[in-house]
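Open the structure in your viewer and follow along. Each stop says what to select next and what to find there.

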Amino acid sequence: MSDLVSMTLAEARDAVRAKKISSRELTGAFVAAIEQARPLNAYITETADRALAMADAADKRIAAGTPGALEGLPLAIKDLFCTKGVRTTAASRILGDFVPPYESTVTQNLWDAGAVMLGKTNLDEFAMGSSNETSAFGPVLNPWRAQDSNQNLVPGGSSGGSSAAVAADLCLAATGTDTGGSIRQPAAVTGRVGLKPTYGRCSRFGIVAFASSLDQAGPMTKTVRDAAILLTSMASVDPKDSASVDLAVPDCEKLLDGGIKGLRVGIPKEYRVEGAAAETDALWSKGADWLKAQGAEIVEVSLPHTKYALPTYYIVAPAEASSNLARYDGVRFGHRAKDVRDIIDLYEKSRGEGFGAEVQRRILIGTYVLSAGYYDAYYARAQKLRTLIKRDFDQAYEKCDVLLTPATPSPAFAVGAKTTDPLEMYLQDVFTVTVNLAGLPGITVPAGLTANGLPLGLQLIGKAFDEGVLLRAALALETAADFKHSPAKWWTA
Amino acid sequence: MSVDKDTVRRIARLARLSVPESRLEPMAGELNGIFQWVEMLGEVNVEGVPAMTSVVAQKLKWRADIVTDGGQADALLANAPEGADHFFVVPKVVE
């Protein structure tokens with residue numbers, strides 16, 4: 001049974017399609033694994049009955065000879081995607097027992113391809129966080145622990161339930177969303193692959209909105225090939241999302257072939273930051289050597305506005321969030337305060353009770369930077385910085401085809417280690433956030449272990465809508481790194 | 001620029017967010033820490049730089065002005081904390 005759950009998405013797809021295993025068997029194995037792994041708190045809602053029913057339906061389609069691209073494959077869904085008839089929380093108290101009457105486009109695409117939903121995974125509240133510790137449903141534990149240590153580590157965030165579920169074999173693959181690094185950072189600190197597609201590739205329809213100009217859904221998987229497979233089904237041109245780009249979605253798995261001979265890989269010197277672990281820098285150099293050995297050309301490039309990316313993000317994202325989260329008012333859905341004096345009191349109390357500390361902080365930042373007298377100094381300036389940050393990438397891509405950078409400043413840290421100072425937590429996204437501001441695709445690939453046995457990743461950043469080159473470079477990195485490690489399953493003991 | 005307790009109270013009101021009196025002072029401290037950090041954006045010359053309005057080169061799409069969905073009052077009201085006869089119920093707003 002452990003063999004079933006440790007399969008990659010590609011292996012499971014081929015086995016199910018060849019009728020070597022049934023979706024029912026495969027799904028049953030994951031349902032059992034999820035039950036045993038409850039101490040990790042990876043899932044907010046388990047949907048075992050629905051999963052088994054979906055598996056049976058998939059098995060019928062396979063028997064009938066009409067399998068979809070993901071037929072019978074059990075996936076975990078970040079609890080930020082609305083799922084019709086299944087409670088969706090965004091890991092916030094304010095959504096109460098919200099049960100969406102509609103399905104997000106991304107998840108609908110997955111079910112149309114025959115995939116099976118195992119449940120909804122935990123996350124930072126409204127995807128605001130880098131450690132999954134702001135969830136109203138409690139922190140998620142990283143399946144990885146340092147050598148000879150029982151200390152609980154964070155799984156990254158905001159897609160921490162998804163990253164833990166993929167790393168602990170509690171699903172074949174998972175969906176995530178990435179506004180400043182929320183797919184790539186958790187994937188990196190759990191030794192798995194996380195892909196943020198180009199802005200506009202995956203529809204935002206039905207995904208609980210955080211910062212609309214930055215939010216993008218993507219796959220979290222065990223391998224680069226799996227990321228290509230899952231992205232192909234997640235992405236679509238969607239009339240329900242005005243930012244969905246009118247570009248046909250390629251079969252991304254086919255784009256993996258061809259190697260990287262002659263590919264120009266840019267190394268942005270500004271990504272050598274103070275405070276990053278020495279092992280991070282060493283791994284970065286190793287990654288460049290690996291790509292060079294496979295025929296790539298390494299070029300030094302400059303992204304001069306890199307250090308302004310995080311402060312720019314912490315104006316733009318809270319501004320958009322304060323606007324997006326205005327809809328939670330205790331009237332139409334979600335939590336509603338009791339014993340209120342009047343309508344304003346109803347709004348204020350419902351929101352005060354429903355939102356957690358980090359979400360409140362960001363709503364206040366956003367409200368402040370958009371308020372009269374401060375708009376130009378903060379928000380308008382940040383939007384100009386965003387133009388400069390994007391321009392940096394445009395100029396770098398005149399000299400290279402893809403960029404190689406570290407994924408995170410450090411490996412997974414201890415639960416509670418960074419919760420007192422918000423700035424310290426924000427710095428987790430220093431290498432990932434530029435990609436969102438520029439709307440580019442980025443992927444993190446597990447590349448090595450620290451001296452005490454924790455995974456570290458490397459990030460590749462591509463040109464807009466050039467996921468093909470990005471995936472090929474990622475495959476080359478994955479092949480050279482040959483990362484075969486998995487966490488010990490201490491939670492089943 | 002420094003954020004004080006009264007400023008927090010004012011923006012909390014704008015945001016329709018009740019922040020308990022005891023949290024105003026600590027929140028001012030946290031916000032100041034963050035605003036001092038973003039002050040570094042002030043050192044960049046942004047003269048003549050256009051503000052970003054769209055991260056991908058695509059014009060906002062137009063669609064036909066037609067009804068595509070509707071008649072789902074029951075579904076819309078299903079999650080309402082309080083509803084009656086296809087209305088959302090709120091405290092009295094007109095005296």
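Select helix H11 of chain A and look at its buried residues: Leu346(A), Tyr347(A), Glu348(A), Lys349(A), Ser350(A), Arg351(A) and Gly354(A). Buried means that 20 or more other C-beta atoms, placed from the backbone, lie within 10 Å of a residue's own; 12 or fewer makes it exposed, and in between it is partly exposed. Helices (H or I, at least four residues) and strands (E, at least two) are DSSP runs, numbered from the N terminus.

This is a predicted model: local features need pLDDT of at least 70, side-chain atom pairs count only at pLDDT 80 or more, and totals for chains, interfaces and linings use all residues. Residues are numbered from 1 along each chain as its sequence is written, while chains are lettered from A and ligands numbered from 1 in the order in which they are written.

Stay on H11(A), residues 343-354. Its 12 residues reach 16 Å from first C-alpha to last, close to the 16 Å expected at 1.5 Å a residue. The expected span is 1.5 Å times one less than the number of residues.

Now show both chains. The contact takes 52 residues from chain A and 39 residues from chain B. Two residues are in contact if their C-beta atoms, placed from the backbone, lie within 7 Å. On chain A, select H10 (309-324), H11, H12 (357-370), H13 (376-396) and H14 (422-426): each supplies at least two residues of the side that touches chain B. Which helix gives the most to this side? H13(A) does, with 10 residues. By class, this side of chain A has 28 nonpolar, 13 polar and 11 charged residues. Here Ala, Val, Leu, Ile, Met, Phe, Trp, Tyr, Cys and Pro count as nonpolar, Asp, Glu, Lys and Arg as charged, and the others, Gly among them, as polar.

Select chain B alone. It has 3 helices and 2 strands, in the pattern α-α-α-β-β along the sequence. Its radius of gyration is 23 Å, well over the 12 Å that the globule rule gives for 95 residues, so chain B is more spread out than a compact globule. The radius is taken over C-alpha atoms, and the rule is 2.2 Å times the number of residues to the power 0.38. Along its principal axes, the C-alpha trace of chain B spans about 55 × 45 × 25 Å. Of its 95 residues, 17% count as buried.

Go back to chain A and select strand S11, residues 455-461. Are its residues mostly covered or uncovered? Mostly covered: 7 of 7 are buried. Pro455(A), Gly457(A), Gln459(A) and Ile461(A) point one way, and Leu456(A), Leu458(A) and Leu460(A) the other.

S9(A), residues 402-406, runs antiparallel to S11(A) and is joined to it by 4 bridges. Find Thr405(A): its bridge partner is Gln459(A). S10(A), residues 442-449, is also antiparallel to S11(A), with 7 bridges. Val445(A) stands opposite Leu458(A). S10(A) and S11(A) form a hairpin with 5 residues between them, and Gly453(A) in the turn has a positive phi of about 85 degrees.

Now select the whole sheet. This open sheet of 11 strands in chain A has the order S1-S3-S2-S4-S6-S5-S10-S11-S9-S7-S8, with mixed pairing. Two strands pair if DSSP finds at least two bridges between them. The edge strands are S1 (43-46) and S8 (297-301), each pairing on one side only.

Finish at S1(A). S1(A) and S3(A), residues 116-121, pair antiparallel over 3 bridges. There, Thr45(A) has Lys120(A) as its bridge partner.
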